[in-house]
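Welcome, and thanks for taking a look at this one with us. Please open the structure below, and we will walk through a few of its aromatic contacts together.

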Amino acid sequence: MVNLGEGPKLVRHKSEFKNGEERSKKSLYAALDLGTNSCRMLIARPTGPRFEIVDAFSKSVRLGLDLERTGELSQAGITRALQALHVCSKKLKRFNVRRSRLVATEACRRSKNGKKFLDKVKRDTGLALELIKPEEEARLAVISCAPLLDPKVSQVLIVDIGGGSTELVWIDLSNVPKELRISAMLDLELGLPTKGELTSFAKKTKKVRIVDWISVPLGVATLLQRYSDVEDDSARFALMSCDFEQKIENFLPYFSEDLMNKEEDLQIIGTSGTVTTLGAVHLGLRRYDRLKVDGLNLGAADIDAVIKKFLDLGPEGRKREPGIGRDRAELIMSGSAIMQTLLRIWPITSMRVADRGLREGILYSLMSADSHFNEPNVKNSH
């Protein structure tokens, strides 16, 4: 198993490839995630029980800007995305990557011109982006977050807040021995079940029971766009929170009294720019540091305090706040509304922060399929 728990190591490619370029290139893998807000790519190679990152790319492209209003990808967003994808294409060629998975998510799924855009990407950049389904997006989030699981808990809620959608996966591990719980989550290679398969699915996955999963068509960008005409900051925050809660009413744990009262045996693991920003601001970081944020146990009271600080700062104050940045200042409140809603419904004492997501899940899946991680060797980082 890949040891994501230690955190991938970033290796600067110039020095790394100067004296052994061909040897290093042979086992390189790439994962690209084109989302509603960002285009991000990792190039990595397996090293024993984990992988190390050789090159990383991230660019805000706002592909889904105005998607909520128009139902289409804007020309400006398409242009920004194409510019970023040209950079990714050059990197893939430069590193001679032969094993990769390049995916597009909610913005391309929902837009009327999504397929036309992906065809243009193929023509202009040579990159064939795969439009993945919500259940695959959720599965990859589970895989990437699995090493952060506390094996002592039997219930885990994975929360992946994206730009255009939010994925929630509730997993019951009560029938899995504690020492096998992390590896059992990492082995979700079958995909997530449909509503009718929830019971039979457990028999196929070492007694891991997916209680339910949902992909809510509201993320930080689409939720913000929906209430962009509300001028009052606090009122907009409250409306976003209520709207999100209404959208998860079909999520089975929302109605389950047993699961609603599982605070002591429940762990929430959150992955997204919203969650990592909450962690960074709580720590008082003036410059983001992944090593300090990834794996952080962030108290529910601390989350409330940070969100209150955001509201007190107001729109202009948030733009100047270290740890948020101008690019995320407009989006942080919609993401915070989602996170606070979930913690109000399931009031646990703390949440585990994950600076990892689709790309790490993709890399693990690709390398595992090539038998790079035959021996289970996953450490839970604390």
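Is tryptophan 346 buried or exposed? Tryptophan 346 is buried, because its relative accessible area is 1%, under the 20% cut-off. Please keep in mind that this is a predicted model.

**Aromatic pairs**
- Searching the whole structure turns up three aromatic pairs.
- One of them joins phenylalanine 251 to tryptophan 346 in an edge-to-face arrangement, with 6.2 Å centre to centre and 90° between the planes.
- Phenylalanine 251 sits in the loop between helix H11 (233–247) and helix H12 (252–255), while tryptophan 346 sits in the loop between helix H18 (332–345) and strand S12 (350–354), so this pair ties together parts that are 95 residues apart in sequence.
- Tyrosine 254 and phenylalanine 255 also make an edge-to-face pair, at 5.4 Å centre to centre and with 90° between the planes.

- Phenylalanine 251 is buried, with a relative accessible area of 0%.
- Tyrosine 254 counts as buried at 17% relative accessibility, whereas phenylalanine 255 is exposed at 58%.

**Aromatic cluster**
- Phe251 and Trp346 belong to one aromatic cluster together with Trp170.

**Alanine 305**
- Helix H16 (residues 300–320) is where you will find alanine 305.
- Alanine 305 counts as partly exposed, at 45% relative accessibility.
- Between alanine 305 and histidine 282 there are 8.4 Å in space, C-alpha to C-alpha, and the two are 23 residues apart in sequence.

Terms used
Residues are numbered from 1 along each chain as its sequence is written. This is a predicted model: local features need pLDDT of at least 70, side-chain atom pairs count only at pLDDT 80 or more; totals for chains, interfaces and linings use all residues. Side-chain values use heavy atoms; hydrogens and water are left out. Rings of Phe, Tyr and Trp (its six-membered ring) pair if their centres lie within 6.5 Å; planes under 30 degrees apart count as stacked, over 60 as edge-to-face and the rest as tilted. Helices (H or I, at least four residues) and strands (E, at least two) are DSSP runs, numbered from the N terminus. Buried means under 20% relative accessible area, exposed over 50%, partly exposed in between (1.4 Å probe, protein chains only).
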